[in-house]
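Subject: Structure handover

Hello,

Here is the structure for you to look over. My notes on what was found follow below it.

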Amino acid sequence: MKPYATVFFSAQILSELAGARRAEVLWKWVIAFVIVTGILAVFNAFFYQRKETLIDDTWGRKEKLYCEKMFSMDYADIDKQETHDLRAQIAQNENWASWGFGRIPYYYESCVTGVLGVISGCVLITGLFTSSVPEKAGSLTVLNSPLFLLLSAIVLIGVSALAGRLYTKSESYWMNMTETATFGNRVFSYFGFLSFQRERHTDIRMYEQQNIIHSYLNGENPFGADSEIGRLSRGSMGVYAGLGVCISTLITGYMYIFTCLKAWGGAFDVGSITQYVGAATALAGNIYALLEVYGGMKVNTEFTEKIFTFLDIPNAMYQGSLTTEKRSDRKYEVEFRNVSFKYPASENWALKNVSMKFRIGKRLAIVGENGSGKTTFIKLLCRLYDPQEGQILLNGIDIRKYNYRDYMGIFSVVFQDFQLISQPLGNNVAGSMTYDAEKVTKALNDAGFGDRLESMPEGLHTQLYKDFTENGVEISGGEAQKIAIARALYKDAPFIILDEPTAALDPIAEAEIYSKFNEIVTDKTAVFISHRLSSCRFCDEIAVFHEGKIVQQGTHEDLLLDESGKYYELWHAQAQYYSEEAARVLLTPAS
Ligand code: ADP
């Protein structure tokens with residue numbers, strides 16, 4: 001609105017100066033001008049502030065929306081590469097030029113100001129067509145014809161539309177550039193940030209990985225002057241954008257001629273020329289801005305479509321409503337019945353025809369070579385995936401019929417690739433911002449973390465990792481694993497499942513944990529997955545997996561009796577390795 005106020009008041013002051021030159025009238029216009037533009041400036045500042053806050057808020061809400069989508073999605077979709085590619089593309093489009101939701105508030109703002117501008121411009125320019133050239137001006141009275149109103153509208157709208165079209169044409173090149181630009185962003189966001197990741201620097205130094213990083217960062221820059229985008233900007237894309245701006249000046253030219261001729265004929269005074277030409281130019285600017293928004297929005301739909309594809313990923317997994325009864329005897333019996341499963345993008349069966357019943361309160365070990373299906377078996381048990389064939393039953397009922405959160409509540413799993421977060425130790429164990437400190441401490445002690453906890457001056461409030469504070473503590477892999485075990489114990493679910501629970505522990509810590517396991521696990525049903533067979537001897541039952549099938553099941557002693565069995569083979573292969581290793585160490589003379 002401010003430019004229009006300036007145009008209007010300048011016109012009034014100029015008219016007075018060129019006309020009666022009354023000092024008291026001039027003063028009034030000047031004072032009114034200062035007051036009105038002052039008030040408009042205050043409004044401007046207020047709305048600017050408000051707009052910026054709203055835009056920041058939109059940005060935050062958008063990120064929250066994406067997070068919630070990721071948290072609520074079926075695990076099978078989270079695991080898909082396509083989902084990650086889609087999410088990465090959305091992020092890259094936003095980082096590249098705010099394509100997507102980020103642009104919408106700006107378009108909205110431009111729409112509102114554009115429409116207000118057009119209305120104000122129309123009001124200010126009305127006099128141009130209502131004031132008539134007097135009869136004495138002779139042939140110039142032709143300018144009073146209503147056809148000039150039509151001609152002016154055609155010039156104003158037609159030229160602005162053409163300019164807007166040229167702008168859209170220039171912008172549309174970006175649409176064809178999405179792949180190049182997305183790849184460019186991918187390269188930058190991966191290689192550009194590698195140097196910030198502290199854990200990478202040992203390998204970077206050891207293997208001079210910076211050579212690879214440099215070759216990407218110094219190589220062809222997809223946004224550089226010599227890139228395809230750079231060439232287009234200098235070429236056709238730039239030409240279209242330039243032509244758009246050039247053509248818009250035709251409006252100013254036409255308006256000057258028409259307004260000056262009318263003033264020459266005596267339709268109005270010199271001040272009004274400023275008002276009408278100013279209003280027409282601003283009007284054309286606003287029409288152009290509206291068309292620019294239209295063009296931009298058209299291009300942006302390509303990018304928002306990707307966002308909606310992501311947000312509309314359906315939850316295909318059947319969600320039952322049965323509750324897992326809160327049994328005080330914690331007697332939950334799980335059975336796999338002829339279960340077969342292949343991963344979504346895979347041709348091969350990861351599990352084939354697996355049948356097994358968990359004996360309540362017993363310790364079950366699952367052993368087998370890498371890739372034999374042990375982890376997949378646990379993922380199906382926790383219903384991260386549904387099997388394609390067969391059924392998994394909880395107390396005789398298909399697990400799909402239970403409420404999912406409720407069902408998850410009966411398992412505590414320490415996955416091989418468990419993750420802790422940059423939060424205080426206590427929050428990590430409890431998985432919550434509030435917790436029972438005594439229970440957390442007990443869980444940590446049971447998991448063998450007691451001594452380390454005592455050495456931490458801030459105890460449970462000790463921040464893990466340094467992402468948020470310099471006082472954060474970096475922990476070793478073994479310590480992290482103990483915290484992860486404590487977290488599983490704190491959850492106190494009827495099933496405790498440990499996938500390679502001691503892989504990162506030293507032999508002493510491992511022995512300590514195993515010696516306490518019966519005490520720690522109490523009456524829970526426990527499942528241990530391991531390829532270190534010696535760790536599983538204490539279990540009541542051992543299931544041997546091979547190529548996605550259970551090939552043997554029984555106690556350690558029973559299984560060893562079958563000399564042609566897989567367990568016998570694995571046991572002896574490992575025993576031989578251990579004894580050879582021990583012999584080598586013993587026979588090597590000390591230097
Ligand atoms: P284990 O835990 O015994 O090492 P897994 O259960 O992890 O074995 O893997 C069983 C088989 O499934 C392997 O052939 C593995 O390559 C395959 N597999 C595991 N995870 C995936 C996945 N997310 N997508 C496709 N195949 C997978």
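A cavity here is a set of grid points where a 1.4 Å probe fits but cannot get out, and its lining residues are those with an atom within 4 Å of a point. Please keep in mind that this is a predicted model.

By class, the lining of the second largest cavity has four nonpolar residues, two polar and one charged.

The largest cavity has a volume of about 40 Å³. Phe358, Arg359, Lys362, Arg363, Leu364, Thr525, Ala526 and Glu541 line this cavity. Strand 3 (363-368) and strand 8 (525-530) are the elements that give two or more residues to the lining of the largest cavity. Its lining residues divide into three nonpolar, one polar and four charged.

The largest pocket has a volume of about 1,700 Å³. Its lining comprises 42 residues, and Leu384, Met408, Phe415, Arg487 and Lys491 are the ones that lie nearest the centre. Among the elements that give two or more residues to this lining are helix 2 (23-72), helix 12 (374-381), strand 6 (411-414) and helix 17 (477-491). The lining of the largest pocket divides into 21 nonpolar, 13 polar and eight charged residues.

The second largest pocket has a volume of about 880 Å³. It is lined by 24 residues, of which Asn44, Phe47, Glu109, Val112 and Thr113 lie nearest its centre. Helix 1 (2-18), helix 2, helix 5 (104-130) and helix 11 (270-311) each give two or more residues to the lining of this pocket. Helix 2 gives the most, with eleven residues. By class, 14 residues of the lining of the second largest pocket are nonpolar, five are polar and five are charged.

Four strands form an open sheet in the order 2-1-4-5, with antiparallel pairing. Strand 2 (351-357) and strand 5 (397-398) are the edge strands, and each pairs on one side only. Strand 4 (residues 389-394) is joined to strand 5 by two bridges, and Leu394 stands opposite Ile397 in strand 5. Helix 12 lies across strand 1 (334-341), strand 2 and strand 4, and runs at about 120 degrees to strand 1.

Aromatic pairs

The structure holds 30 aromatic pairs. One of them, between Trp99 and Phe303, is stacked, at 4.7 Å centre to centre with 15 degrees between the planes. This pair links distant parts of the chain: Trp99 is in the loop between helix 4 (81-97) and helix 5, Phe303 is in helix 11, and the two are 204 residues apart.

Regards

Terms used
Residues are numbered from 1 along each chain as its sequence is written. This is a predicted model: local features need pLDDT of at least 70, side-chain atom pairs count only at pLDDT 80 or more; totals for chains, interfaces and linings use all residues. Side-chain values use heavy atoms; hydrogens and water are left out. On a 1 Å grid over the protein atoms alone, a cavity is a set of points where a 1.4 Å probe fits but cannot get out, and a pocket is an open set with protein on both sides within 12 Å along at least five of seven lines; lining residues have an atom within 4 Å of a point. Grid points are joined across faces, edges and corners, and a volume is the space filled by probe spheres set on the points. Ala, Val, Leu, Ile, Met, Phe, Trp, Tyr, Cys and Pro count as nonpolar, Asp, Glu, Lys and Arg as charged, and the others, Gly among them, as polar. Two strands pair if DSSP finds at least two bridges between them. Contact means heavy atoms within 4.5 Å. Axes are lines fitted to C-alpha atoms, for helices over the stretch in contact, and angles run from 0 to 180 degrees between N-to-C directions. Rings of Phe, Tyr and Trp (its six-membered ring) pair if their centres lie within 6.5 Å; planes under 30 degrees apart count as stacked, over 60 as edge-to-face and the rest as tilted.
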